[in-house]
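Open the model in your viewer and keep the sequence panel beside it. We will go from stop to stop, selecting a few residues each time.

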Amino acid sequence: MIIRSRTVVPMDGEPIENGAVAIRGKQIADVGRFDEIKGRHAGQVLDLGEQILLPGLINAHCHLDYTMLRGRIPRQESFNDWIQAINTHKAAFQENDYLTAIADGFSEAKNFGTTSIVNLEAFPELLPRLRRPPLRTWWCAEMIDIRRPVPVHEVAERLCGWFRSHPEWLGGIGLAPHAPYTASAQLYADASAISQKRDLLLTTHLAESREEMQMFRDATGPAFEFLKTIGRPMDDCGKETPLSFLLSRQAIGERWIVAHLNELTAKDFDLLARSEKFSIAHCPRSHTFFGHASFEMQKLRALGFNICLGTDSLASNSSLSLFSEMRELLRNEPWLSPREVVEMATINGASAIGRAESLGRIHAGFSADLIAIPAAKSEANPFNEIVAFAGAVRWMMVDGEILSLR
């Protein structure tokens with residue numbers, strides 16, 4: 001098959017006017033100008049017309065479990081209050097509520113052009129009750145061991161066994177110690193060891209809120225007091241920042257996607273300059289919702305960190321649109337170019353999930369994950385058009401298969 005479009009944005013080099021992509025099976029065979037591709041390849045031509053064809057978007061941090069919480073939790077006085085509000089809602093939910101939320105989340109993410117998603121799954125035991133997801137999904141088992149130990153090896157074995165027995169599912173498996181205030185250093189160590197052995201994705205929340213910083217650095221604040229009341233040992237508090245807590249224990253490294261990283265001190269940046277360069281998932285609209293400290297995009301990029309984009313959950317966001325995340329990022333960081341912002345939702349996301357050689361670009365040998373959006377008649381820069389796009393994506397291909405969209 002040859003797919004022709006007014007503009008092809010391969011993310012390798014410059015956009016191609018009157019471009020085309022040759023698809024062979026599940027992979028991209030070639031990309032270039034339409035006349036060149038047609039001269040090199042036979043097959044049916046699908047002409048998308050006045051569209052911009054680009055790689056599918058990659059959501060590097062999402063909680064599909066909480067799709068049903070859109071608009072139900074207003075901003076609270078503290079981050080700790082917000083977490084407790086989520087827990088109150090969760091107490092009323094049944095398994096079927098989560099199954100519906102996950103299905104609805106997939107549908108929404110797909111309609112906003114996401115083809116790959118890193119989902120932190122609080123209930124991995126629900127996977128056998130799910131239909132085959134339409135998107136490439138990395139199911140990262142979210143683990144908390146405040147009240148009881150987590151058998152990390154068993155969790156990983158169960159997930160890996162499920163995925164092996166369902167080769168039609170796209171994506172992979174990961175492990176997600178929730179955060180240093182809810183997951184022990186031992187849990188992080190176990191997750192890292194298993195990941196090394198099985199090549200699993202690793203992700204966590206870190207340095208997200210002021211309350212987390214107060215807890216670890218100052219041994220005070222709402223999070224400190226709440227966690228103490230539910231039995232978390234607090235002898236690791238009052239000594240260091242959340243970041244230094246994990247780095248000093250070699251708990252995170254280059255294989256990790258670290259979500260947020262909002263609260264950092266000058267000493268933290270000294271540590272980051274010497275640390276392994278993990279990926280950072282920034283969630284601009286969730287960040288705005290909470291009013292977190294400014295995200296240090298320039299400093300983190302200068303230190304060589306790979307920064308990608310996520311939507312977080314609908315408990316702190318209004319949609320699962322990465323286009324909206326790109327616009328919010330540009331509002332907050334106007335020094336970035338539209339192309340750099342699109343890279344964060346494509347190339348950088350692919351690097352974060354360890355698929356830099358197969359996802360995030362339109363390139364020969366890469367997976368055929370593509371989306372198309374309408375091209376404006378008056379706009380010369382397709383990256384401006386991509387960031388500005390605010391509708392539903394009407395054409396998508398995942399793994400060489402054209403998906404039906406609502």
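The stops below cover strand ends, loops and helices of a predicted model.

**Stop 1**

Select R6. This arginine sits in strand 1, residues 2–8. Is R6 buried or exposed? R6 counts as buried because its relative accessible area is 16%, and the cut-off for buried is under 20%. Now show side chains. R6 and E50 are joined side chain to side chain by a polar contact of 3.4 Å.

**Stop 2: G49, beside R6**

Select G49 next. This glycine is in the loop that runs between strand 4 (45–47) and strand 5 (51–55). Which residues does G49 contact, apart from neighbours within four places in sequence? They are R4, S5 and R6. For a sense of scale, draw a distance from the C-alpha of G49 to that of N317. The two are 268 residues apart along the chain and separated by 33 Å.

**Stop 3: M11, a positive phi**

Move along to M11. Look for M11 in the loop between strand 1 and strand 2 (16–24). Check the backbone here: phi is positive, about 65°, although M11 is not a glycine. M11 has a relative accessible area of 3%, so this residue is buried.

**Stop 4: helix 3**

Select residues 95–111, which form helix 3. The helix has 17 residues. From first C-alpha to last, helix 3 reaches 25 Å, close to the 24 Å expected at 1.5 Å a residue. Colour its buried residues, among them Y98, L99, I102 and F106. The buried set also includes E108, K110 and N111. What covers them? The cover includes helix 2 (79–90), strand 7 (114–121), strand 8 (136–143) and strand 15 (395–398). Then step just past the end of the helix. G113 has a positive phi of about 85° there.

**Stop 5: helix 4 against helix 5**

Select residues 152–164 and 185–198 together. These are helix 4 and helix 5. Two packed helices are described by the angle between their axes and the distance between the axes. Here the axes come within 10 Å and cross at roughly 35°. The crossing is right-handed.

Now show the side chains where the two helices meet. Helix 4 brings V152, H153, A156, E157, C160 and R164. Helix 5 brings L187, D190, A191, I194 and R198. By class, this contact has 6 nonpolar, 1 polar and 4 charged residues.

Keep helix 5 and hide helix 4. Helix 5 has 14 residues and reaches 20 Å from first C-alpha to last, close to the 20 Å expected at 1.5 Å a residue. Its buried residues are L187, Y188, A191, S192, I194 and S195. Their cover includes strand 8, helix 4, strand 9 (171–177), strand 10 (201–206), helix 8 and strand 11 (256–260). Finish at D199, which follows helix 5 and has a positive phi near 55°.

**Stop 6: helix 6 and A219**

Go on to residues 210–218, which are helix 6. Which residues of helix 6 are buried? They are E211, E212, M213, M215 and F216. Helix 2, strand 10, helix 7, helix 8 and helix 9 (266–274) are included in what covers them.

Select A219, which follows helix 6. This alanine lies in the loop between helix 6 and helix 7. Its phi is positive, about 55°, although A219 is not a glycine. A219 is partly exposed, with a relative accessible area of 28%.

**Stop 7: G231**

Select G231, in the loop between helix 7 (222–229) and helix 8 (242–247). G231 is partly exposed, with a relative accessible area of 47%. G231 and I146 are 85 residues apart along the chain, and their C-alpha atoms are separated by 7.3 Å.

**Stop 8: S275**

End at S275, in the loop between helix 9 and strand 12 (279–282). S275 is buried, with a relative accessible area of 15%. Where does its side chain point a polar atom? One such atom lies 3.2 Å from the backbone oxygen of L272. Leaving out residues up to four places away in sequence, S275 touches L247 and F305.

Key
Residues numbered from 1 in each chain as written. Predicted model: local features only at pLDDT ≥ 70, side-chain atom pairs only at ≥ 80, totals over all residues. Heavy atoms only, no water. Axes fitted to C-alpha atoms, helices over the stretch in contact; angles between N-to-C directions. Helix = DSSP H or I, 4+ residues; strand = E, 2+ residues; numbered from the N terminus. Left-handed = near helix turned anticlockwise from the far one by under 90°. Contact = heavy atoms within 4.5 Å. Nonpolar A, V, L, I, M, F, W, Y, C, P; charged D, E, K, R; others polar. Buried < 20%, exposed > 50% of the residue type's maximum accessible area, 1.4 Å probe, protein only. Polar contact = N/O pair within 3.5 Å; in protein donor to acceptor, adjacent residues only side chain to side chain. Expected span 1.5 Å × (residues − 1).
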